[in-house]
Amino acid sequence: MDLRVIGCHGGETPKHRTSAFIVNDVLAVDAGSITSGMTIEEQSKLDICLVSHSHLDHIRDLATLADNRCQMRCAPLVIAGIKETLDALRDHFFNNLIWPDFSKIPGDEQPTIVYQELPPEVDTKLGRFTVRPIPVSHTIDAVGFIVDDGERSLGYSGDTGPTDKLWHHLNQQKNLGALLIEVSFPNSEQAMATASGHHTPRTLAEDLAKFRNPADLAAFLYHIKPVFQAEVERECARMKGVSLQVMKLQDHFVL
Ligand SMILES: [Zn+2]
Ligand SMILES: [Zn+2]
């Protein structure tokens with residue numbers, strides 16, 4: 001499995017981009033920086049975009065991606081997520097007010113985007129991938145994903161604080177290559193993290209201990225708030241008995 005990092009931060013500056021990851025060149029996991037960080041040709045190759053939840057830092061570049069792909073007459077992009085997320089996109093984003101309804105443009109027969117609803121905790125086949133959304137603990141309905149390409153699988157936490165179902169599913173996953181897991185705030189900002197449904201290094205350590213063998217899990221950290229980047233990295237570097245790596249823009253992994 002090929003994994004490229006387009007955006008891996010919990011905020012934006014010229015050096016920080018919001019969440020977007022590309023699997024095998026064709027499947028995007030979240031769309032925070034999918035046009036600001038990808039060439040037109042790369043954007044045209046995408047078939048599927050999984051959306052973990054409807055917060056802006058995970059959906060924003062779907063707007064500009066749809067616009068670009070519409071002009072290239074690309075095949076419809078499958079936007080896949082749980083019902084609550086897709087309803088939010090339809091009602092509040094691609095609603096002909098904030099942005100055109102690209103599920104009807106250029107025409108009903110060949111739209112730019114199609115929505116695919118994913119039932120939670122169930123496998124759905126999408127192209128050559130199998131995708132399972134797993135509800136996590138955030139301020140709105142949100143999921144993580146397990147994405148399997150038939151050889152390896154990838155876990156993705158989405159935005160979450162301490163959570164249990166995700167670990168239940170990960171513990172049963174046999175071909176797990178890596179887990180992308182969020183950590184947003186330093187320990188000193190625990191109150192903010194709890195209120196906003198995010199991890200600090202302290203709660204991340206407690207959650208990683210829910211995995212069957214934490215030292216064997218390749219955990220890639222993302223969604224650090226730019227303001228706290230150095231502090232969070234220092235605190236994560238002190239964690240013992242785990243295999244952690246802070247993701248960087250343009251990282252490329254073969255799992
Ligand atoms: Zn969020
Ligand atoms: Zn976020």
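**The metal site and what lies around it**

Author: Asp57 and Asp159 are both buried. Buried means under 20% relative accessible area; exposed means over 50%, and partly exposed lies in between (1.4 Å probe, protein chains only). The model is predicted: local features need pLDDT of at least 70, side-chain atom pairs count only at pLDDT 80 or more, and totals for chains, interfaces and linings use all residues. Residues are numbered from 1 along each chain as its sequence is written, chains are lettered from A and ligands numbered from 1 in the order in which they are written, and side-chain values use heavy atoms, with hydrogens and water left out.

Take the zinc ion (ligand 2) to begin. Its protein donors are Asp57 (OD), His58 (NE2), Asp159 (OD) and His223 (NE2). They lie 2.1 to 2.2 Å from the ion. A donor is an N, O or S atom within 2.8 Å of the metal (3.2 Å for Na, K and Ca); water is not among the atoms, so a site may look incomplete. Along the chain, the donors of the zinc ion (ligand 2) follow the spacing D-H-x100-D-x63-H. The angles subtended by the four donor atoms run from 91 to 164 degrees, so the arrangement is irregular. Four donors count as tetrahedral if all angles lie between 85 and 135 degrees. Four count as square planar, and six as octahedral, if opposite donors are over 155 degrees apart and all others between 65 and 115; anything else is irregular.

Asp159 bridges the zinc ion (ligand 2) and the zinc ion (ligand 1), which lie 3.7 Å apart. Asp57 sits in helix α2 (residues 56-59) and Asp159 in the loop between β10 (153-156) and α5, so this pair ties together parts that are 102 residues apart in sequence. Helices (H or I, at least four residues) and strands (E, at least two) are DSSP runs, numbered from the N terminus.

Now the zinc ion (ligand 1). Its protein donors are His53 (NE2), His55 (ND1), His138 (NE2) and Asp159 (OD), at 2.1 to 2.4 Å. In sequence they are spaced H-x1-H-x82-H-x20-D. This site is also irregular, with angles of 91 to 166 degrees among its four donor atoms. His55, in the loop between β4 (48-50) and α2, and Asp159, in the loop between β10 and α5, link parts of the chain 104 residues apart. Which of the accessibility classes does His55 fall into? His55 is partly exposed, at 27% relative accessibility. Asp159 has a relative accessible area of 2%, so it counts as buried.

Strands pair if DSSP finds at least two bridges between them.

β10 and β11 pair in the parallel sense over four bridges. Leu154 stands opposite Ala178 in β11. Seven of the seven residues of β11 (residues 176-182) are buried, so this strand is largely enclosed by the rest of the structure. β12 and β13 also pair in the parallel sense, over four bridges. There, Ala218 has Ser243 in β13 as its bridge partner.

β4 belongs to the other open sheet. Its seven strands run β6-β5-β4-β3-β2-β1-β14, again with mixed pairing. β6 (113-117) and β14 (252-254) stand at the edges, each with a single partner strand, so one side of each lacks a neighbour in the sheet. The twist averages 20 degrees from one strand to the next.

Last, the rings. Rings of Phe, Tyr and Trp (its six-membered ring) pair if their centres lie within 6.5 Å; planes under 30 degrees apart are stacked, over 60 edge-to-face, and the rest tilted. That rule gives eight aromatic pairs. One of them is edge-to-face: Trp167 and Phe211, 6.4 Å centre to centre, with 65 degrees between the planes. Trp167 lies in α5 (residues 165-171) and Phe211 in the loop between α7 (201-208) and β12 (218-222), so the pair ties together parts 44 residues apart in sequence. Both residues, Trp167 and Phe211, are buried. Ring pairs also join Phe21, Tyr156 and Tyr222 into a cluster.

Key: Axes are lines fitted to C-alpha atoms, for helices over the stretch in contact, and angles run from 0 to 180 degrees between N-to-C directions.
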